[in-house]
Amino acid sequence: MTISAEKEAMILRLYHVERWRCGTIATQLHCHHTTVFRVLKEAGLPRHRPVIRPAEVDQYLPFVQRTLETYPDLTASRLYGMVQERGYKGSSSHFRHMIALHRPRKAAEAFLRLRTLPGEQGQVDWAHFGHIEIGKARRPLMAFVMVLSYSRDIYLRFFLDARMENFLRGHAGAFNAWNGLPRVLLYDNLKSAVLERHGDAIRFHPTLLAFAGHYRFEPRPAAVARGNEKGRVERAIRHIREAFFIARKFKDLDDLNAQAEQWCRNQAADRPCPEDRTMTVRQVFAQEQPMLLPLPTNPYPIEEQIAAKVGKTPYVRFDLNDYSVPHTHVRRTLTVRADLAQVRIFDAATMIASHRRSYDRGQQIEDPRHLKALVAVKREARQHRGLNSLTRAVPACQKLMIHAAERGANIGAITNAMLKLLDLYGATELQAAVEDALQAGASHSRSVHVALERRRIARGAPPPVETRLPEHVRKKDTVVQPHKLDRYDQLTCAGNDDE
């Protein structure tokens, strides 16, 4: 940028006389700072440097360095308190900045490239891929990933949680897809594999040990904070996120798993093998597959099993939903066994119900037979209670019901009709009308109704109006059998004799 001689003279005066900084001169004269540098350089005059004053913390740096050499993990706040006790008056923020510059750094660690033999090792891990909405339920979308360390062949399957049953289902699916399994499976220290660990003392999950014993492989946890030991599965998860899941559209979980299976068998299998870029993963896996352990003749049984208590209603709660059971099993503790598609309910060793599994929330999955049996029992009980109350209020109804049963009439319908007549006309009128109907040889509620109307007209009474009365009012005419008072005297005498 070309500037006038007047502005060049002003730059030289402001810099050497007024001691302005180059940036200040450039701002005030509306020019670029490189222009100021060029003018000063062409003038041949030496640039003055700002005087660097010793910082207050400098005298404490030898003490800080000796302390950090002995205690390299000591926090800056603790060091700040120590130097304050020794006379330091500076701010904590500047002190923290200086400590960060002088704290000893650990030497960068180098790692050897880990190589494995064909069929020797596989690596396993879970990966979280957000959530999926199923009806009213919002469930986590978890990906089970297993990788063969030699060929880098990937097995991928999505589940709605990371429970132990799905963990084992992922293993079994990978073994079936490969028609074999590696001798060692390497895990991160997740709870599905390692329950507790103190150094080299490891307590494996007993269910995983039983599963490993069935398939004859060795479960082996990676060292703590050593992610490089399971880098193959970590890179596979990153590849799944970038090459498969991103912008992926799917209808439901089954559709997503179908797409994942197709991707593993095609695009993922046709990628170059990291160990030998001249070959694909498919070609290297063809060499590794004969080295895998054979599958056992019988598969490992994998089911979720819980004890569920049935309340007053004939339903069992399992995984956010209710499943019906026969009404004869209320107030009991039953066993629920479930796989990915079916929920079975057992009373001891007897299966009493089987339902399709729902992954929604708050649904009632019912067997129509269970409800039909409960309704039939309730109806029969209701009819029995109605008949008892009717015969207690109107004793003549007992004989009427016997005659109706002899001719094959519907006892339940007659009972309901007679109860309505009892509410409308009262027990006294109904007793007389039933006796009239029996004398006429009739045994139907319509005949009783005709007799009631005949008696009402003869009395000149108005037609009855149906009213909804409380239960204690409706039962005011119930016949109560009184007890003899001398029984209480007998009880008192018996009590005195015992004394």
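## Close-up views of a predicted model

At 1% relative accessibility, Cys273 counts as buried, where buried means under 20% relative accessible area, exposed over 50% and partly exposed in between, using a 1.4 Å probe and protein chains only. This is a predicted model, in which local features need pLDDT of at least 70 and side-chain atom pairs count only at pLDDT 80 or more, while totals for chains, interfaces and linings use all residues. Residues are numbered from 1 along each chain as its sequence is written, and side-chain values use heavy atoms, with hydrogens and water left out.

**View 1. The whole protein, for orientation.** Of its 499 residues, 38% count as buried. Taking contacts between residues at least 6 apart in sequence, 58% join residues at least 24 apart, and contact here means heavy atoms within 4.5 Å.

View 2. Like Cys273, which is buried at 1%, Cys22 is buried, with a relative accessible area of 8%. A disulfide is a pair of cysteine sulfur atoms within 2.5 Å, and by this rule the count is zero.

**View 3. The largest nonpolar core.** This core has 31 residues, and those with the most contacts inside it are Phe144, Met146, Phe167, Phe175, Trp178, Tyr187 and Phe217. A nonpolar core is a set of buried Ala, Val, Leu, Ile, Met, Phe, Trp, Tyr and Cys residues joined through side-chain atoms within 4.5 Å. At least two residues of the core come from each of strand 1 (121-134), strand 2 (137-148), strand 3 (154-159), helix 7 (164-178), strand 4 (184-187) and helix 8 (206-215). Helix 7 gives the most, with seven residues. Apart from this core lies another, of 24 residues, among them Leu421, Val434, Ala437 and Ala442. As background, nonpolar side chains tend to be buried together in soluble globular proteins.

**View 4. The surroundings of Phe217.** Leaving aside neighbours within four places in sequence, Phe217 is in contact with His171, Phe175, Leu181, Pro182, Arg183, Leu185, Tyr187, Phe211 and Ala212.

**View 5. Helix 9 against helix 10.** Helix 9 (residues 231-245) and helix 10 (residues 253-265) pack at an angle of about 105°, with their axes 12 Å apart. That makes helix 9 roughly perpendicular to helix 10. In the contact, His239, Ile240, Ala243, Phe244 and Phe245 of helix 9 meet Leu256, Gln259, Ala260 and Trp263 of helix 10. Axes are lines fitted to C-alpha atoms, for helices over the stretch in contact, and angles run from 0 to 180 degrees between N-to-C directions; under 35 degrees counts as roughly parallel, over 145 as roughly antiparallel, 65 to 115 as roughly perpendicular and the rest as oblique.

**View 6. Two residues with positive phi.** Most residues other than glycine have a negative phi. His30 has a positive phi of about 60° although it is not a glycine, and lies in the loop between helix 2 (22-29) and helix 3 (33-43). At 69% relative accessibility, His30 is exposed. For Leu320, phi is near 75°, again a positive value; this residue lies in the loop between strand 11 (315-318) and strand 12 (321-324), and is partly exposed at 33%.

**View 7. His33 and Gly23.** His33 is in helix 3 and is partly exposed at 38% relative accessibility. The C-alpha atoms of His33 and Gly23, ten residues apart along the chain, are separated by 5.9 Å.

Technical notes: Helix = DSSP H or I, 4+ residues; strand = E, 2+ residues; numbered from the N terminus.
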